[in-house]
Amino acid sequence: MIRYFREIFEGLWSLLVGLKVTGRFALAPTVTTHYPFDELEVTPNYRGHIDLVVNPKTGKDKCIVCMMCQRACPSGCITVKGQKPEGAKKRVLTEYRLDFTKCSLCGNCVEACPTSAIEFSHEYNIAGTSRHDFHYDLVERFRDRCRTLGVEPKIADLTPVATKPKPEREKTESQGDRKPDG
Amino acid sequence: MTDVFPPDLIRLIVSFVIVVAFAFTNAAVLVLVERKICGHIQRRPGPFEVGPHGLLQTAVDGVKLMAKQMLVPRNADAGLFRAAPILSFVPPIAALIVVPFARMLQVRDLDIGVLFILSLAAVNVLAILVAGWSSANKYSLFGAIRAVAQNVAYEIPLLLSLLTIVIWVGSFRMSDIVAAQGGFWFAFTPMGFVAFLVYFICGIAETNRAPFDLPEAESELTAGFHTEYAGMGFGLFFLGEYTNMLLVSAIATTLFLGGWNGPAFLTTAGTGFWATVIQTLWFLAKVYGLIVVMIWVRWTYPRVRFDQLLNFCWKILIPISMANLAVTAVWLKL
């Protein structure tokens with residue numbers, strides 16, 4: 001008989017303890033993010049698609065157009081083009097295209113890069129209505145990111161060189177034998 | 001004019017329209033309140049996008065439910081299938097007629113008020129049984145079987161706990177019961193408190209809410225007895241459930257928590273306009289307080305197993321409410 005009542009009281013008490021727990025949580029602030037309106041900062045080792053590294057002070061890229069990334073890519077989704085301006089010793093980047101539809105995010109390109117010129121972006125809100133939306137012009141993205149950082153982008157601004165006469169002497173390193181865009 | 005429309009008929013129609021409107025508003029508000037409380041218990045904001053802080057979510061949901069087609073399964077008993085939602089929705093609304101919202105705010109003060117409510121509340125079981133049986137679906141039928149076993153069991157302690165108050169007051173009339181609680185509320189007496197506790201537990205079981213939501217256990221029976229219902233058929237079951245919650249809390253308030261009486265000095269027994277407003281506010285505050293507790297309970301406890309459900313009723317609730325009734329009877333005779 002005593003056990004019967006003790007069980008009832010202990011049961012009732014445990015129920016009240018449960019109510020206290022949920023009651024406390026109900027009054028505590030919420031911990032969720034209102035997703036489309038605010039977004040979480042992803043972890044630094046998140047692997048989005050690749051991006052060219054921006055020097056935030058000078059607005060320059062680090063690419064030396066060595067083609068290592070294009071060669072390292074197992075899916076053939078990177079197309080790099082560069083040219084040697086007259087009088088210069090190094091080639092400079094003119095075009096960097098990524099076909100993200102084929103990319104498997106293996107990271108071989110980032111590892112292969114001798115100058116650490118490419119990095120993984122933290123883009124995870126990627127959506128498109130056509131597969132062509134996923135063919136990225138990373139040079140264009142580079143310029144946009146420079147502008148958000150507030151520096152003048154100094155990349156692939158070789159238009160005067162390219163429009164010079166004598167096009168046969170122009171050294172355009174077009175080793176990418178694939179069509180650059182879809 | 002008065003020959004064609006007797007004033008009593010007009011009064012009845014007007015008050016019934018008001019009661020139905022109140023039931024619909026109540027359901028719309030409670031759906032939102034339930035989702036908000038549930039969200040905050042789980043530390044998320046609940047509906048947030050439609051209107052400021054998601055206040056218009058229920059309106060949008062209602063439009064969706066009304067716009068949907070009500071499908072009838074091929075093997076279903078079409079007549080019963082269509083009748084069941086109405087059967088679950090009308091009785092709780094009709095029962096609201098005898099609820100005293102204030103001294104002067106009661107549609108009909110029947111001398112069998114408590115009995116009237118209980119007999120109408122019992123129709124809810126029939127509605128669930130009809131819905132489950134006519135759906136021609138094993139999950140629906142299982143839900144219906146569970147509902148019947150559960151509600152038949154839990155109606156006994158529910159009646160016994162209400163009977164404690166009825167023999168105390170000596171009347172089934174709602175206004176008498178409220179008037180008897182002018183000085184003290186029954187929930188604050190030892191016997192009244194036990195009866196209140198038993199009643200509240202049984203009330204949660206009668207409305208088929210967690211932790212006693214076996215008839216519609218999502219994880220086991222998809223949606224239980226309303227699995228096959230779409231659109232407003234489901235909507236009416238939903239309305240019925242929330243109106244039932246309102247009814248259960250209104251009875252608890254009337255019989256145990258002093259009805260429209262406020263605590264101590266903040267009360268008024270007047271019949272004027274402002275007195276009626278104050279009394280209604282007290283009544284609604286108590287009713288919605290109880291409903292919030294019911295929602296809080298739902299999002300705290302896991303669902304009980306079926307044997308636990310029946311054991312709890314037959315081994316604990318019924319003996320305790322019987323003993324409580326006997327003690328009250330002896331104490332009243334002394």
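Predicted model: local features only at pLDDT ≥ 70, side-chain atom pairs only at ≥ 80, totals over all residues.
**Entry 1: α3 and α4 of chain B.** I began with a helix pair: α3(B) passes α4(B) in a left-handed crossing. Left-handed here says that the near helix is turned anticlockwise from the far one by less than a right angle; clockwise would be right-handed. Residues are numbered from 1 along each chain as its sequence is written, and chains are lettered from A and ligands numbered from 1 in the order in which they are written.

How do the two axes lie? For helix α3 (residues 78-95) of chain B and α4(B), they come within 8 Å and cross at roughly 165 degrees. That makes α3(B) roughly antiparallel to α4(B). I wrote down the angle classes too: under 35 degrees is roughly parallel, over 145 roughly antiparallel, 65 to 115 roughly perpendicular, and the rest oblique. The axes are lines fitted to C-alpha atoms, for helices over the stretch in contact, with angles from 0 to 180 degrees between N-to-C directions. Helices (H or I, at least four residues) and strands (E, at least two) are DSSP runs, numbered from the N terminus.

Next I listed who meets whom. Among the α3(B) residues are L80(B), F81(B) and L87(B), and the α4(B) side includes F116(B), L120(B) and V130(B). Being in contact takes C-beta atoms, placed from the backbone, within 7 Å of each other. The residues of this α3(B) and α4(B) contact divide into 18 nonpolar, three polar and no charged.

**Entry 2: α5 and α11 of chain B.** I then looked up helix α5 (residues 138-169) and helix α11 (residues 306-333) of chain B, whose axes come within 9 Å and cross at roughly 15 degrees. α5(B) and α11(B) are therefore roughly parallel to each other, and their crossing is left-handed. The residues of this contact divide into 19 nonpolar, six polar and one charged.

**Entry 3: A136 of chain B.** Where is A136(B)? I found it in the loop between α4 (113-134) and α5 of chain B. A136(B) is partly exposed, with 16 other C-beta atoms within 10 Å. The scale: 20 or more other C-beta atoms within 10 Å is buried, 12 or fewer exposed, in between partly exposed, with C-beta atoms placed from the backbone. Leaving aside neighbours within four places in sequence, A136(B) is in contact with P73(B), N75(B) and A76(B). L80(B), from my first entry, is 56 residues from A136(B) in sequence and 11 Å away in space, C-alpha to C-alpha.

**Entry 4: over to chain A.** I counted five helices and six strands in chain A. Buried residues make up 20% of its 182 residues. Of the contacts in chain A with a separation of 6 or more, 76% are between residues 24 or more positions apart.

I went to the strands next. Strand β2 (residues 78-83) of chain A and β3(A) pair in the antiparallel sense over six bridges; pairing needs at least two bridges found by DSSP. V80(A) has Y96(A) as its bridge partner in β3(A), and K81(A) stands opposite E95(A). β3(A) also pairs with strand β5 (residues 135-137) of chain A, antiparallel over three bridges, where R97(A) stands opposite D137(A).

Are these strands buried or exposed? Six of the six residues of β2(A) are buried, so that strand is largely enclosed by the rest of the structure. For strand β3 (residues 92-99) of chain A, seven of the eight are buried, so β3(A) is largely enclosed too.

**Entry 5: two loop residues in chain A.** Most residues other than glycine have a negative phi. V65(A), not a glycine, has a positive phi of about 50 degrees; V65(A) sits in the loop between β1 (50-52) and α2 (68-72) and counts as buried, with 21 C-beta neighbours inside 10 Å. S116(A) also has a positive phi of about 50 degrees. S116(A) lies in the loop between α3 (108-112) and β4 (118-120) of chain A and is exposed, with 10 other C-beta atoms within 10 Å.

**Entry 6: where the chains touch.** The contact takes twelve residues from chain A and twelve from chain B. On the chain A side I noted six nonpolar, six polar and no charged residues.

Technical notes:
Nonpolar A, V, L, I, M, F, W, Y, C, P; charged D, E, K, R; others polar. Contact = placed C-beta atoms within 7 Å.
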